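Please read the following note with the sequence and the model open side by side. The points are meant to be checked one at a time.

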Amino acid sequence: MNPYVYFTLLFGLGLGTTLAFISSHWLLAWMGLEINTLAIIPLMAQHHHPRSIEASTKYFIVQSTAAAMILFASMTNAWLTGQWFINEMSHPLPLTVMTMALALKIGLAPLHTWLPEVLQGLDLTTGMILSTWQKLAPFALLLQMNTQNSTMLSVMAILSTLVGGWGGLNQTQLRKILAYSSIAHLGWMILILQYSPNLTLIALLTYILMTFSAFQVFKLNKATSINALANSWFKTPVLTALAPLLMLSLGGLPPLTGFAPKWMILHELTKQELMPLATVAALSALLSLYFYLRLSYSMTLTMSPNNTLGSPLWRLQTPKMTLPMSISVMSSLLLLPLLPTIMAMTN
């Protein structure tokens, strides 16, 4: 792709997300979401492969449906209450439709079925953008909405944690595994949204950091399946030693960074006397942990079979820029000592 076109599309992504951040009016927020969608679709279809074209088409249809629902909900709210402001949506009908529309945009269960298939058809760079940056604008709107005492959000959150755990168990493609990982993490974020929005924001930022690191590791190793991870030791031995820790951080094991948001979410749910929700969420994390352990096992304890017909893998210096990956990987592993400061910020 032409660098000027690529820069323009990335500028459109930033502009759309910024509009959604700063807007207090539903029409301006809708415009930001649409600019965001129109900017990422050419990035999805840039390789002109049938899988990428199919993924971009599915993504366009899903996002168009969600945009139509957002317009319908905002106009219904204006008709019923006379308000166009995001934080003034109080009527149950537009509030429910808007919540469903934003859940469809981010891929929250049971509206998640498009996310694994779309992510599987993309390259790792575009998949990383879809899994990280594209979550920011819908969450900015969810954080501004009146979501107090929403039983529907709690049901969708618990369903997402369970679906994300169960769905990733029998997957062999890394992009589908990360898609179900995204669904499970979204469930944790939505579960605490109506009780502590600050914790939702912390969990979202931590998830973006760890997912960015995972995509960077897979991109450097040119791995798209679990079997391809067996060759990573020959290419990048140091990174291969750190990558299993990154997978376990995504699973939420102490003393890694991913443990902090899950522990704080469980602590807050217990304070709210929601022990059944906290128990189900903690048990669902074990399902996700299983396929993270599979990835760790594939990277460290397996070796690719000797093939005399293939070319040897030399440990040459990569021409790619690895500084962002180095910073994000170490942050994904070593931020747990900041937990007391984070807890002080949320109280």
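The numbered points below go through the annotation, a few helices, selected residues and the backbone.

1. Basis of the note. This is a predicted model, in which local features need pLDDT of at least 70 and side-chain atom pairs count only at pLDDT 80 or more, while totals for chains, interfaces and linings use all residues. Residues are numbered from 1 along each chain as its sequence is written, and side-chain values use heavy atoms, with hydrogens and water left out.

2. Annotated spans. The unreviewed UniProt entry carries the annotation "transmembrane region" for residues 60-80, 92-115, 151-170, 177-195, 201-221, 233-254, 274-293 and 323-345; positions are given in the numbering used here, feature names are shortened, and such annotations may be inferred rather than shown by experiment. In the model, residues 233-254 are 82% helix and 0% strand, with end C-alpha atoms 25 Å apart, and residues 274-293 are 95% helix and 0% strand, with end C-alpha atoms 29 Å apart. Helices (H or I, at least four residues) and strands (E, at least two) are DSSP runs, numbered from the N terminus.

3. Helix H9. The expected span of a helix is 1.5 Å times one less than its number of residues, and for the 18 residues of H9 (residues 174-191) this gives 26 Å, in agreement with the 26 Å between its end C-alpha atoms. Because 18 of the 18 residues of H9 are buried, this helix is largely enclosed by the rest of the structure. Here buried means under 20% relative accessible area, exposed over 50%, and partly exposed in between (1.4 Å probe, protein chains only).

4. Leucine 130, in helix H6 (residues 124-131), is buried at 2% relative accessibility. If residues up to four places away in sequence are not counted, leucine 130 touches several residues, among them Ile40, Met44, Tyr59 and Lys135, where contact means heavy atoms within 4.5 Å. Isoleucine 208 belongs to helix H10 (residues 197-221) and is buried as well, with a relative accessible area of 17%; with residues up to four places away in sequence again not counted, isoleucine 208 touches Thr132 and Leu136.

5. Which residues does glutamate 268 touch, not counting residues up to four places away in sequence? They are Ile192, Tyr195, Ser196 and Leu199. Glutamate 268 itself lies in helix H13 (residues 259-271) and is buried, with a relative accessible area of 12%.

6. Backbone points to inspect. Cis peptide bonds, with omega about 5°, join alanine 109 to proline 110 and proline 254 to proline 255. Proline 110 is in the loop between helix H4 (92-106) and helix H5 (114-120), whereas proline 255 is in the loop between helix H12 (237-251) and H13.

7. Positive phi values. Lysine 222, which is not a glycine, has a positive phi near 55°; this residue lies in the loop between H10 and helix H11 (232-235) and counts as exposed at 68% relative accessibility. Glutamate 273, likewise not a glycine, has a positive phi of about 60°; this glutamate is in the loop between H13 and helix H14 (275-300) and is exposed, with a relative accessible area of 65%.
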